[in-house]
Amino acid sequence: MLELTYVAATSRLDRLGHQERRVLQLIAHGQSDAAIGRQLGLSLRATEETCRRVFDTLGLVPSPYLDRRVLAVLTLRQARTSAPVDHRRAG
């Protein structure tokens, strides 16, 4: 069930705007809302709203066992492992 959650979220990554994707990356790197806001020049309230929008867009719902931030990390990892490889760029 857990894998289905973040694999499904991976298919929704293209729905995120540039700033939402940046916020997701910072979440995945373990940044707090306050740290994300400082890095992006956002108020804490704007940062919290953007984080909520990211989680909602991706369909990442917290469970008793997993925080949405953990699911965000898993979503990005899954996206990287399932991304098509561009063989033209290789060596």
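Begin with helix H4 and select its buried residues: Thr47, Thr50, Cys51, Val54, Phe55 and Leu58. Viewed around the helix axis, these residues cover an arc of only 135 degrees, which means that they lie on the same side of H4. The model on display is a predicted one.

Just after H4, select Gly59, which takes a positive phi of about 75 degrees.

Return to the helix and select Thr47, which has its place in H4. Is Thr47 buried or exposed? Its relative accessibility is 0%, so Thr47 counts as buried. Setting aside neighbours within four places in sequence, display the residues in contact with Thr47: Asp33, Ile36, Gly37 and Leu42.

From this group, move to Asp33, which is found in helix H3. With a relative accessible area of 19%, Asp33 is buried, because the cut-off for that term is under 20%. Which residues does Asp33 touch, not counting those up to four places away in sequence? They are Leu44, Thr47, Glu48, Cys51 and Arg69. Two of the names in this selection, Thr47 and Cys51, also belong to the buried residues of H4.

Now select Leu58, another of the buried residues of H4. Leaving aside neighbours within four places in sequence, Leu58 is in contact with Ala9, Arg12, Leu13, Leu16, Leu24 and Thr75.

Leu58 leads on to the largest nonpolar core, which has 17 residues. Within this core, Leu24, Ile27, Leu58 and Leu60 touch the most other members. To see where the core comes from, colour helix H2 (18–28), helix H4 (44–58) and helix H5 (68–82), each of which supplies at least two of its residues.

Finally, colour the chain by pLDDT. The mean for the protein chain is 80, and 77% of its residues reach 70 or more. Among the elements of the chain, helix H3 (residues 33–40) has the highest mean pLDDT, 96, whereas helix H1 (residues 2–10) has the lowest, 65. Where pLDDT is low, the predicted coordinates should not be read in detail.

Technical notes. Residues numbered from 1 in each chain as written. Predicted model: local features only at pLDDT ≥ 70, side-chain atom pairs only at ≥ 80, totals over all residues. Heavy atoms only, no water. Core = buried A, V, L, I, M, F, W, Y, C linked by side-chain atoms within 4.5 Å. Buried < 20%, exposed > 50% of the residue type's maximum accessible area, 1.4 Å probe, protein only. Helix = DSSP H or I, 4+ residues; strand = E, 2+ residues; numbered from the N terminus. Contact = heavy atoms within 4.5 Å. pLDDT = per-residue confidence, 0-100. Arc of directions from axis to C-beta.
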